[in-house]
Protein chains: 2
Amino acid sequence: MSEFRWDPLKATWVITANHRAREPRDFFLDRQKIQTSACPFCPGHEGKTPAEVFALRQPGNPANGPGWQVRVVPNKFPLLRIEGELNRRADGHYEVMQGIGAHEVVIETPDHERAMADFSVTEITQVLQAYRARLLDLRRDTRFRYLQIFKNHGFEAGAPLPHAHSQIMAVPITPPTTKVELNLCRDYFRANDCCLICDLNAQELNDGRRVVYDDGRFLVVAPYASCFPFELRLFPQRHGHDFALQDDAELEACATALRNVLRRLRNLLRDPPFNFILHTAPPMQPRPGHPDYWTSLPFDYHWHIELVPRLSRIAGFEWGSGFFINLMPPEDAARFLRGTDPDGSL
Amino acid sequence: MSEFRWDPLKATWVITANHRAREPRDFFLDRQKIQTSACPFCPGHEGKTPAEVFALRQPGNPANGPGWQVRVVPNKFPLLRIEGELNRRADGHYEVMQGIGAHEVVIETPDHERAMADFSVTEITQVLQAYRARLLDLRRDTRFRYLQIFKNHGFEAGAPLPHAHSQIMAVPITPPTTKVELNLCRDYFRANDCCLICDLNAQELNDGRRVVYDDGRFLVVAPYASCFPFELRLFPQRHGHDFALQDDAELEACATALRNVLRRLRNLLRDPPFNFILHTAPPMQPRPGHPDYWTSLPFDYHWHIELVPRLSRIAGFEWGSGFFINLMPPEDAARFLRGTDPDGSL
């Protein structure tokens, strides 16, 4: 069983997982990459994963067998478990609670060899539809304060299995990074009666130097204060706080933009390792008087996707200070990514 | 010239360096490691660095020539520059200021081949004396709100040059991570009339499960909510807020503990890449009415060193949420690091 542990000196929560037997040698950097001769995500190996919780299938193909296009399963080695009580309590000066939550894997394609940049718009749309379906299902469990969807691509970005997949983590406390964003959007809306992200996007469109992609429906920018080289953010240009409430047309527009920039990154930056993270409003939980009541009215938020190539490292200065260092100004990154149509088909 | 840029969506400062000509290919992961056939940190190559600002030398050896034991020079490619004005200003919805500060390199030994774990206690003490001397000198410049001292060891920890060195960054705004710690220590002192870190250390000594080293003068623990496998913190057991005010005996006690745990890490974890960061009180700046007045009375802080082996990666979940995942419980890490006397000489 894992735990959430609170550090009273740094004000951080850490998920300490002690349920997998770990030896120090598991952390040595020369460890073997995980063998994938029998990939658990490939068709025909459905029995190697826990039973699926969602799938897009051809009619007539029963669950947990082949014939699927996108398949969502619980993680076989979950960092957070759905059974049990939080049991939040003090441990001397520290604080601890059980690792309650959910941890699912979205297998994005039956094809072991294809990365998301190879997908058609329809195939990426289907992955986004799977995200939406899982968000709508998981938020019925009111223990979960946030549902974090993310994708790790490449070994250096934290993906030991090469078969294309993303992950969903349901967590019992609002993540600190999410909380900062939600609060900033709320404060801005209160002060200005309009959305912070809508206003930032208007400035970016007007300026143009950091715009990588703009088709009138989605906007992709290299953020003004990018923490990492070639970092990108994908914004719907129509305000919406909740990814799970978007219709198929909006998801297809998102898939079109996502495919475009994924192909730019792959073709222009030699298939870099990357992470992307879906930022969306937390589940609605109107509970007046509750300390997290503020999460109950997130209409002032604006969902988006953050895309971070992992081409630089966090070293002592960044870790110690909380300042980031980026040696690639976002204006230069955007010019480079914008300049060349990667394959003539975009 | 670099800039500090403010992200209004994430409330983070990023140092965006646009003064080094950077090509996208500089970030490709297969880039060559920096050639060190003519190491600029080796004796006889003193002319390859800017003129030294501090050195411990044998008598009779002039500055900027051989004959030194520890040498501090300005970084030849500084991320922050000492000349100029901050010029903090709005840029539409964003905020920006010039990259004013200082960026120095502490060359820890004349010997290209020796890592800090190979040093004698006396040699490590001399490095700490160099830190102290630079802190005392740099804090005379009242533009600097904080002086961050850190060491990157190994390529994966951000040290492209193998010759043992650490770095000093003087920054014009208090780093966010530092501010959180200072505020937590202040709040705790106000509420309890005693030091948070002294109380945490008492709990750790009483518990014992996370103690790696304790000689009555210094305490080394694997933190309760460690973010990374085998993370360590080194605390002086005598309360003191300011590293720069410590006497030689205290620095030698620190060097004794630091050498012990560096050798444990090297011998038991196969010389892992690591960062260490000195956490100490900011310079005294009593300016009542100033928004940073709270930094003027930091006696409630307790200086220490944070030591982070880099054996795991920050992936999409950690970056997106601000939660960390640690698969090595600190109790297990401490037991492993405590269990074996690495070379019988400790």
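Biologist: Over what distance should the 18 residues of helix H1 (residues 121-138) of chain B span, and what separates its end C-alpha atoms?
Modeller: This is a predicted model, in which local features need pLDDT of at least 70, side-chain atom pairs count only at pLDDT 80 or more, and totals for chains, interfaces and linings use all residues. Residues are numbered from 1 along each chain as its sequence is written, and chains are lettered from A and ligands numbered from 1 in the order in which they are written. Helices (H or I, at least four residues) and strands (E, at least two) are DSSP runs, numbered from the N terminus, and the expected span of a helix is 1.5 Å times one less than its number of residues. The 18 residues of H1(B) should therefore span 26 Å, and the end C-alpha atoms agree, being apart by 26 Å.

Biologist: Which residues of H1(B) are buried?
Modeller: A residue is buried if 20 or more other C-beta atoms, placed from the backbone, lie within 10 Å of its own, exposed if 12 or fewer, and partly exposed in between. In H1(B) the buried residues include Ile124(B), Val127(B), Leu128(B), Tyr131(B), Leu135(B) and Leu138(B).

Biologist: Is strand E13 (residues 274-279) of chain B largely enclosed or left open?
Modeller: In a regular strand the side chains alternate between the two faces of the sheet. Phe274(B), Phe276(B) and Leu278(B) point one way from E13(B), while Asn275(B), Ile277(B) and His279(B) point the other way. Because 6 of the 6 residues are buried, E13(B) is largely enclosed by the rest of the structure.

Biologist: Which strands are joined to E13(B) by bridges?
Modeller: Two strands pair if DSSP finds at least two bridges between them. Strand E8 (residues 146-153) of chain B runs antiparallel to E13(B), with 5 bridges, and Ile149(B) has Leu278(B) as its bridge partner. Strand E14 (residues 304-309) of chain B is also antiparallel to E13(B), with 6 bridges, and there His279(B) is partnered by His304(B). The strands asked for are E8(B) and E14(B).

Biologist: Which strands stand at the edges of the open sheet of 5 strands?
Modeller: The order is E5(A)-E6(A)-E1(A)-E2(A)-E15(B), with mixed pairing. Each edge strand has a single partner strand, so one side is left without a neighbour in the sheet; these are E5 (89-91) of chain A and E15 (324-326) of chain B.

Biologist: Which residue stands opposite Arg89(A)?
Modeller: E5(A) pairs with strand E6 (residues 94-98) of chain A in the antiparallel sense over 3 bridges. In E6(A), the residue opposite Arg89(A) is Val96(A).

Biologist: What phi does Asn87(A) have?
Modeller: Most residues other than glycine have a negative phi. Asn87(A) is in the loop between strand E4 (68-74) and E5 of chain A, and is exposed, with 10 other C-beta atoms within 10 Å. Although not a glycine, Asn87(A) has a positive phi of about 50°.

Biologist: How are the two copies related?
Modeller: Copies are superposed by least squares on the C-alpha atoms of residues with pLDDT of at least 70 in both. Chain B can be laid on chain A with an RMSD of 0.0 Å by a turn of 180° and a shift of 0.0 Å along the axis. The copies are thus related as by a two-fold rotation axis.

Biologist: What ipTM and pTM does the model score?
Modeller: For chain A, the mean pLDDT (the predictor's confidence in each residue, from 0 to 100) is 89, and 88% of its residues reach 70 or more. The model scores ipTM 0.89 and pTM 0.91.
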